[in-house]
Amino acid sequence: MDAGLILDTLERASERCADPAPLIYRRLFELRPEFESLFVMDTDGGVRGSMLTTCFNCILGLIEGSATQHVIISSSRFSHDGYGVPVQDFDLMFIAIRDTFCSLLGPDWTPETDAAWTDLLTGIASIE
Ligand code: HEM
């Protein structure tokens with residue numbers, strides 16, 4: 001996986017949108033409308049914000065080769081089953097992040113960038 005291309009995506013996306021959280025959650029709820037109701041108690045967006053920060057830390061940790069992020073993904077994958085997120089749907093959050101960045105980058109989202117994200121997402125999906 002090309003870590004440089006992932007970092008480049010994060011940088012370009014942040015130049016275009018200071019707070020991508022609403023776009024990312026909108027995409028997640030497009031992919032799985034029934035997940036929106038899981039956040040009804042999150043009236044101030046605090047849980048969604050902290051969840052997204054954890055996702056970004058996982059991405060950054062994985063491209064740096066940190067083993068800690070494997071443990072966080074693995075344990076979250078199973079704890080989320082208890083929140084009503086089936087194990088196989090857990091990765092939709094990372095797919096929503098990828099899709100949102102693809103839209104934000106527009107023509108700057110190259111086939112190479114796409115391949116780097118596919119590698120990253122495949123790696124995450126393989127963490128049990
Ligand atoms: C489709 C994917 C996902 C859905 C629908 C989802 C849903 C939720 C929900 C409903 C909560 C609140 C649970 C509660 O307090 O009762 C939560 C919390 C949390 N999620 Fe997710 N989640 C998803 C993916 C992820 C991913 C990929 C990560 C990162 C590894 C993650 C990390 C967290 C963390 C750290 C919290 C606790 C946040 C806090 O309370 O401060 N989630 N998630």
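In this predicted model, 18 residues surround the ligand, the closest being S50, M51, H80, F90 and F94; a residue counts as near when one of its heavy atoms lies within 4 Å of the molecule. Residues are numbered from 1 along each chain as its sequence is written, and side-chain values use heavy atoms, with hydrogens and water left out. Local features need pLDDT of at least 70 and side-chain atom pairs count only at pLDDT 80 or more, while totals for chains, interfaces and linings use all residues.

Two polar contacts (pairs of N or O atoms within 3.5 Å) can be picked out here. An N or O atom in the side chain of S50 is 2.6 Å from an oxygen atom of the ligand, and a nitrogen atom of the ligand lies 2.8 Å from a polar side-chain atom of H80. The elements giving two or more residues to the shell around the ligand are α3 and α5, with α3 giving the most, 6 residues. By class, the shell has 13 nonpolar, 4 polar and 1 charged residues.

Where does the ligand sit? The space it takes is the largest pocket, as more than half of its atoms lie within 2 Å of the pocket's grid points. About 460 Å³ of space lies in this pocket. Of its 22 lining residues, F39, M51, H80, Y83 and V85 are the closest to the centre. Two or more lining residues come from each of α3 (46-63), α4 (68-79) and α5 (92-105), and α3 again gives the most, with 6. The lining divides into 16 nonpolar, 4 polar and 2 charged residues.

Methods: On a 1 Å grid over the protein atoms alone, a cavity is a set of points where a 1.4 Å probe fits but cannot get out, and a pocket is an open set with protein on both sides within 12 Å along at least five of seven lines; lining residues have an atom within 4 Å of a point. Grid points are joined across faces, edges and corners, and a volume is the space filled by probe spheres set on the points. Helices (H or I, at least four residues) and strands (E, at least two) are DSSP runs, numbered from the N terminus. Ala, Val, Leu, Ile, Met, Phe, Trp, Tyr, Cys and Pro count as nonpolar, Asp, Glu, Lys and Arg as charged, and the others, Gly among them, as polar. A polar contact is a pair of N or O atoms within 3.5 Å; within protein, one must be able to donate a hydrogen and the other to accept it, and residues adjacent in sequence count only if both atoms are side-chain atoms.
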